Amino acid sequence: MQQIINFFIRNKNFLLFLFLLFLSLIFTFQANTFHKNKFVSSANFVTGNIYIIKSDITTYFGLRKENELLLEENSRLKNLIQLLETESVALTDSIYDLLDFVYRPAEVINNNFSRRNNYLTLKSGEKDGLKPAMGVISSNGIVGITDQVSTHFATVMSILNSRSSISVKLKSSGHFGSLVWDGKDPHVLQLVDISRLAPVAVGDTITTDGRSTIFPKGIAVGTVRDFRPDPSQNFFIIDVALFNDMTRTENVYVIENRRAEEIRELEATIPND
Amino acid sequence: MTNDVLLNSARFVALILAQVLIFDNIHLFGFINPYVYLLFLVLFPVRVNTMQFLFIGFLLGLTMDFFSDTGGIHAAACLVAAYLRPVFLRFSFGISIEYNSVKISNTPVGGRLTYITLVVLTHHLVLFFLEIFSLKHTLFIIKTVLFSSIFTILLSLVLMVIFSTKKR
C-alpha cells in the first residue's frame, strides 16, 4: 500500500499529464461525432458574444460586396416569381403552409476555412427555430449543416470539413455522388462515387439532389473543373469549383425541412438486413 | 507574487483575444495561421509548480478549442508543450535555469530562439497531427507544421520586442 501511494506521489506530474491528455483526446474524438452533445463548442454564451463583437466590426468592410450579392439574388428571384405567376399559381399567404422547406436568414459571426475541419458560428439559435442537422446555404451555393445549437447561437459544420459529405448530382445526367473536401483549396471540393459510366464534361453544373432530408433538390453548388478516375478505376473523382466563396460568407439561410421527421419515420420502418 | 498572477491573467486574456480576433484571420497563402497565444506558455515564470503549470496549459488550450470548435486538439498540444517545457528550458539555458528566477525576456538571444523554436515545434506537431489525423497526409502535416512554426516564431519574437519593458 505504502509503495502504491509512494508511486503516485513520485509520478504525480506524469499521471496528471496523462489524465489531462486523455481528457483532451476524449474532447477531440467527441468532436468527430456528428451533432452529439459536445462539451467544447463555440455555440456558448462567452465565445458567441465575443464573436458578435468581432463581426459587428468586420461586417462593415464587406457591406458593398454583400449588397451586390443580395441584389443579384433578388433579381434572380424576381425573375423566378414572374415565371411562377404566369403559370397561374396564386401566390397567396396560405401557400406558404404547403411548402416543404422553410428558409430562415442568419448572420455568420465566425467563419474558418484554413483548417482541415472548419466550422462557422451563427447568430441564431433555438429561439429562432434552428435545430441540429439543418442545411445552410448562402445566396449562391451551399455552406454546410448545423451542428451544435444553443439558445442564441449555432455552429455549422462547413462543407470545408473532412467529416462533411453532401449528396449531390450532375445536373445534366442525374448521376449522384458525395461532395467531400480534401483540405487543400477552399474554393475546390471533390465529388466522389460518380460512376465511370456517367457522361462528365468540364463546365457541367453540380446541384444538390434532394436524396437527403437536409437540402432541397436543385440548389446549385458549382461546376466541374477537372475529373479523373479514382484508384479503383470504377468511379470518377471530380474537382468541383464552388459558386459561392466560402472565404467570405456573411449572410446565410438555414433551411428547415418540415417533412424531415415524417420521411425519417417512414424510412425507419424499412427493415435493413 | 500577486503582481505575477495579475500580469499572467491579463496576458492570458489578451493573448487569447488577440489570437481569436486577429491572428486566426490572417490565412497567409490560404492556410498558414500563426498561433501566438503560445507566448503565454513561453513567457510563463520559470519557477512554477509543475502540476499548476500543466493545469494552466490545459486551460489555455481548452479556451482556444472553445473558440475554434476543434474539440481538444489545442488542449492536447498545449499540454504536451507545457509538460516538456522544463526539458526545453534546461536544454536552451543550461541546468541552472531552474534555480535562478530569470525572466525569459532577459536571456541570451541564441538560447531564447532555441527555446521558443522547441516549444512552438512541439505544439504545432501535436496540433496538426491531431487536426488532420491521418498518416496518409504526413508530408502535408510536416509542411504545415514547418510553415506555421516559422510564422509563429517570427511573430512571437516581434511581439516580444514590441512589448518588452526596457529597464536599462
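Buried area is the accessible area that two parts lose on being put together, summed over both. Keep in mind that what you're looking at is a predicted model. With that said, chain A and chain B bury about 3200 Å² between them, and 70% of that is on carbon and sulfur atoms.

**Where the chains meet**
- On the chain A side, 34 residues are in contact with 35 residues of chain B.
- The interface has one salt bridge: A:Arg115 pairs up with B:Asp24, and their closest N and O atoms sit 3.6 Å apart.
- Helix H2 (12–31), helix H3 (45–58) and strand E2 (117–122) of chain A each bring at least two residues to the side that touches chain B.
- H2(A) gives the largest share of that side, with 14 residues.

**A:Asn111, a buried residue**
- You'll find A:Asn111 in strand E1 (residues 101–111) of chain A.
- A:Asn111 counts as buried because its relative accessibility is 11%, and the cut-off for buried is under 20%.
- A polar atom of the A:Asn111 side chain lies 2.9 Å from the backbone oxygen of A:Met246.
- Leaving aside neighbours within four places in sequence, A:Asn111 is also in contact with residues including A:Tyr119, A:Leu120 and A:Thr249.

**A nonpolar patch on the surface**
- A:Met1, A:Ile4, A:Ile5, A:Phe7, A:Phe8 and A:Ile9 make up a nonpolar surface patch, with about 640 Å² of accessible area together.
- One of them, A:Ile5, belongs to helix H1 (residues 2–10) of chain A.
- A:Ile5 is partly exposed, at 40% relative accessible area.

Note on methods
Residues are numbered from 1 along each chain as its sequence is written. Chains are lettered from A and ligands numbered from 1 in the order in which they are written. This is a predicted model: local features need pLDDT of at least 70, side-chain atom pairs count only at pLDDT 80 or more; totals for chains, interfaces and linings use all residues. Side-chain values use heavy atoms; hydrogens and water are left out. Helices (H or I, at least four residues) and strands (E, at least two) are DSSP runs, numbered from the N terminus. Buried means under 20% relative accessible area, exposed over 50%, partly exposed in between (1.4 Å probe, protein chains only). A polar contact is a pair of N or O atoms within 3.5 Å; within protein, one must be able to donate a hydrogen and the other to accept it, and residues adjacent in sequence count only if both atoms are side-chain atoms. Contact means heavy atoms within 4.5 Å. Patches are made of residues with over 30% relative accessible area and no salt bridge: like charges are joined within 9 Å, nonpolar side chains (Val, Leu, Ile, Met, Phe, Trp, Tyr) within 5 Å. Accessible areas come from the Shrake-Rupley method with a 1.4 Å probe; for residues, only the protein chains shown count as cover. A salt bridge is a side-chain nitrogen of Lys or Arg within 4 Å of a carboxyl oxygen of Asp or Glu. Buried area is the accessible area (1.4 Å probe) that two parts lose on being put together, summed over both.
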